[in-house]
Amino acid sequence: MLDQRQLPGAVVFMHLMVWQEVAQAITTMAVRGAPAIGIAAAWGVVLAARAGDDLPSAIHGLRGSRPTAVNLGWALNRMQKAIASSGSIDVSALAGVAAGLQNEDRLLTQRLVDHGVSLLNRGCRVLHHCHTGAIATGGVGTALGVIAAAHARGLLRHAWLDETRPRLQGAALSAWELGCLGVPCTVIVDGASGLLMRRGEVDAVLVGCDRVAANGDVANKIGTYNLALVARAHGVPFYVCAPGSSIDPATPDGEAITIEERVAEEITHVRGVEVAAPGAQTWNPAFDITPAHLITGLITEFGVLCPPYGKALSALSLPNQL
Ligand code: MRU
């Protein structure tokens, strides 16, 4: 597995041999991005089966490795269903299910990207938060995939990338991935988006998500809510790329979504160097909730959903249900 923590400095692959290492890689964000952690967890179940481990315990452990992205449930429910329906543990059959999930994500992200690009006009300037590219998924990515495809089709004038404090997924991963693809982009600090929009430099905001509730509220990387408010204040359309694997009809609204809180060191230290006053108190939620009324459209593999989202989402045939 690619160790995303080492990018952009080094491309390092880790060899994970047991499910506990996969859970640890998810918790420590060696692998991150909602679809990617779901796929990784599915392969974790295969490792558990290969080792003859107790599968319910392994699935429970993997499910708890990060709380917010529903894609973990999407993948693990599928693995559970495959185990239950076969009656016995067949490692190669389970590997086939995990590979199938990965391939499904590859196909659906491509469909999602095609729908997303259709919203963009020639010469568009797009602002993006966090990292939602290929390495966060099993395919071409979601919001960053739309930006890359818009560039490939000659539509994109510029991509603005929020650096995304505290872990800098925008500066480290999105800028690296778009750089590899030759997409013109500029990294900004998260707080610069207001000035940028006030100056009329942004035509659309595109972000990903970790969970979409039944009413259309969205959990995504901390700072997304602020961005949605600034976009609304400046009349800039705010789109969320939401693969079906991130949509959770069982969660009624954003209030019901568990928001992961991470360690203080992510705030107090930058790449190992202490930057906060020693002993300073911190609060480090990794995600926030953007209410549905601030979202212009949900870009899915089924098409672009418009408000009211409750009705549009309930009409979808979603993969999360067992
Ligand atoms: O904490 P992270 O880096 O896993 O958060 C990632 C995001 O918030 C992404 O927007 C989301 O997972 C979508 S990835 C296609």
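Tutor: Keeping in mind that this is a predicted model, the second largest cavity is lined by Met29, Pro166, Arg167, Gln169, Lys221, Arg262, Glu266, Asn284, Pro285 and Ala286.

Student: How does that lining split by class, and how much space is in there?

Tutor: The lining of the second largest cavity has four nonpolar, two polar and four charged residues, and about 40 Å³ of space lies inside.

Student: And how many cavities of 30 Å³ or more turn up in the whole structure?

Tutor: The search finds two, and the largest cavity holds about 190 Å³. Its lining counts 22 residues, with Arg32, Gly33, Ala34, His131 and Asp210 nearest the centre, while helix H2 (34-51) and strand S6 (218-221) are the elements that give two or more residues to that lining.

Student: Where does the largest cavity sit relative to the domains?

Tutor: It lies between domain 1 (4-109) and domain 2 (112-321), because both give residues to its lining.

Student: Switching to the strands, what is the order in the seven-stranded sheet?

Tutor: The sheet is open, with mixed pairing, and runs S3-S2-S1-S4-S7-S12-S13; strand S3 (185-188) and strand S13 (303-305) are the edges, each pairing on one side only.

Student: Do S1 and S2 run parallel or antiparallel?

Tutor: Strand S1 (residues 124-128) and strand S2 (residues 156-162) run parallel and are joined by five bridges, with Val126 having Ala159 in S2 as its bridge partner.

Student: Which strands does helix H7 touch?

Tutor: Helix H7 (residues 169-180) packs on the sheet and touches S1, S2 and S3, its direction making about 155° with that of S2.

Key:
Residues are numbered from 1 along each chain as its sequence is written. This is a predicted model: local features need pLDDT of at least 70, side-chain atom pairs count only at pLDDT 80 or more; totals for chains, interfaces and linings use all residues. Side-chain values use heavy atoms; hydrogens and water are left out. On a 1 Å grid over the protein atoms alone, a cavity is a set of points where a 1.4 Å probe fits but cannot get out, and a pocket is an open set with protein on both sides within 12 Å along at least five of seven lines; lining residues have an atom within 4 Å of a point. Grid points are joined across faces, edges and corners, and a volume is the space filled by probe spheres set on the points. Helices (H or I, at least four residues) and strands (E, at least two) are DSSP runs, numbered from the N terminus. Domain bounds come from an automatic or database domain assignment. Ala, Val, Leu, Ile, Met, Phe, Trp, Tyr, Cys and Pro count as nonpolar, Asp, Glu, Lys and Arg as charged, and the others, Gly among them, as polar. Two strands pair if DSSP finds at least two bridges between them. Contact means heavy atoms within 4.5 Å. Axes are lines fitted to C-alpha atoms, for helices over the stretch in contact, and angles run from 0 to 180 degrees between N-to-C directions.
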